[in-house]
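Welcome, and please have your viewer ready. We will walk through a few places one by one, with something to select at each stop.

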Amino acid sequence: MPPLQPARGTQDLLPDVARRHRQVSETAREAAVLYGFAEIATPIFEFTEVFARPIGEHTDIVSKEMYTFTDRGGEEVTLRPENTAGVVRAVLSNGLTQATPLKFFYSGPMFRYERPQKGRFRQFHQIGVELLGVATPQADIEVIALGQRILGALGIAERVVLELNTLGDPASRAAYRDALVRYFSGRLSELSEDSQRRLDRNPLRILDSKDPGDQRLAAEAPDFSDYLNEASRTFFARVRDGLDRLGITYRLNRRLVRGLDYYTHTAFEFVTTDLGAQGTVIGGGRYDGLVELMGGPTMPGVGWAAGIERLAMLTGEPLPPQRPVALVPIGEAAEARMLVIAERLRDAGLVVELGYSGNLQRRMRRADRIGARAAVLLGDDELARGIATLRDLDSGEQCEVALDALAPHLSALTEITKP
Ligand code: ATP
Ligand code: MG
């Protein structure tokens, strides 16, 4: 019988990859704290309505990517495809709308039924932030600055470019939408089938189409900037001014639209050319209409989400974990004593591996395999004298150390090896 396989589009994060993921999420969490964002964790599944309406019936996510099922109690639930709607739902359910501004950071798995490929999975992981209750451009600037800081802290800022656009306020967006519908209607037969369908429901998405024919048409489509009203222009100018002050460079991309329907004003993506077609590592923007759409008060919001898999593919090897110390007892009495010694060493913060069985050679081979910094050998003779033999596995040198003095000795040794 062939071994069991993971479901398509899912993967096991073996320790090396899990460590890279952890590095990404921890780096992001630490940076988010500096901006006053607090961690929130919402459920991995919600009633389907939490996602369906906010994300938009005609988006790819809702129309073909959601993992939706009826549970045993007859409730229709969906594995979260993204987390903005979940966070807003949590704000409303917990009556937090008075306490603005609200600043949340999250990290966790998301689920979309997509065609798996490099950088695209059915279960993937995101970090993200949401800043609710601030209508002014400072909020946009700060969340972008936070994204930039995280990329810097991960050492990949040079490989990623910030692309920026504005979708304007609802009035500008409506005017532009009409212009787009007029333009594309005149060339309907040249549009892909998907985009013909999008024309009524979500014409902005045509700009974002991956079909080459659509892209050619989109290149000549009316420009959003010609349809922005005064207020929208001013808002965008202030966002750009703030980014300039912070020395955050960006490229204007007039075709950048977010896939989700509730975005207004600032839209942005941090993109790289180093990951092939799946080059967007962070995507976000302002979503002033969302909270109201979900039954809450008028409450502006801005945020972003980043794919941990894609970020982890860009980062170098994370710092090696602290190298372990291998304990090698010889004989029953030493083995019993080693259990206690191991705990004392762990109290001192050392990573300790107790070789579980085998003769001296076997245990030393294992110490080697796990990259141990040192081995502590303890036999009946040493036990009687209250000492252990400490072998430096890098230099091969050996010395005797009093059992009481093992912790400081080993701490000094492992600290020296820290990068
Ligand atoms: P794409 O255009 O790549 O499909 P998207 O617009 O659907 O992205 P968002 O919904 O904005 O993506 O999600 C934010 C980020 O989450 C993306 O920029 C990407 O890094 C990551 N992401 C989205 N979908 C996947 C997936 N299926 N697998 C891995 N990462 C993903
Ligand atoms: Mg997508």
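Which residue takes a positive phi in the hairpin of β15 and β16? Select G396: its phi is near 85 degrees, and the hairpin has five residues between the strands.

Before moving on, some conventions. This is a predicted model, in which local features need pLDDT of at least 70 and side-chain atom pairs count only at pLDDT 80 or more, while totals for chains, interfaces and linings use all residues. Residues are numbered from 1 along each chain as its sequence is written, chains are lettered from A and ligands numbered from 1 in the order in which they are written, and side-chain values use heavy atoms, with hydrogens and water left out. Helices (H or I, at least four residues) and strands (E, at least two) are DSSP runs, numbered from the N terminus.

**The hairpin strands**

Now select residues 387-392 for β15 and 398-402 for β16; the two strands run antiparallel and are joined by five bridges. Strands count as paired if DSSP finds at least two bridges between them. Look across from R391 and you will find Q398 of β16.

**A three-stranded sheet**

Next, display the open sheet with the order β2-β4-β3, where the pairing is antiparallel. β2 (45-47) and β3 (67-70) are at the edges with a single partner strand each, so one side of each has no neighbour in the sheet. From one strand to the next, the twist averages 30 degrees. Angles run from 0 to 180 degrees between N-to-C directions, and axes are lines fitted to C-alpha atoms, for helices over the stretch in contact.

Zoom in on β2 and β4 (residues 76-79), an antiparallel pair with three bridges. Here F45 stands opposite L79.

**An enclosed helix**

Among the buried ones are T84, G86 and R89. Their packing partners include β5 (102-111), β6 (123-132) and α10 (290-293). Just after α4, click on G95, whose positive phi is about 60 degrees.

**Two packed helices**

Finally, show α6 (170-185) with α7 (193-201), which pack at about 145 degrees with their axes 10 Å apart. R177, V181, F184 and S185 of α6 meet L199, D200 and R201 of α7.

Technical notes: Contact = heavy atoms within 4.5 Å. Buried < 20%, exposed > 50% of the residue type's maximum accessible area, 1.4 Å probe, protein only.
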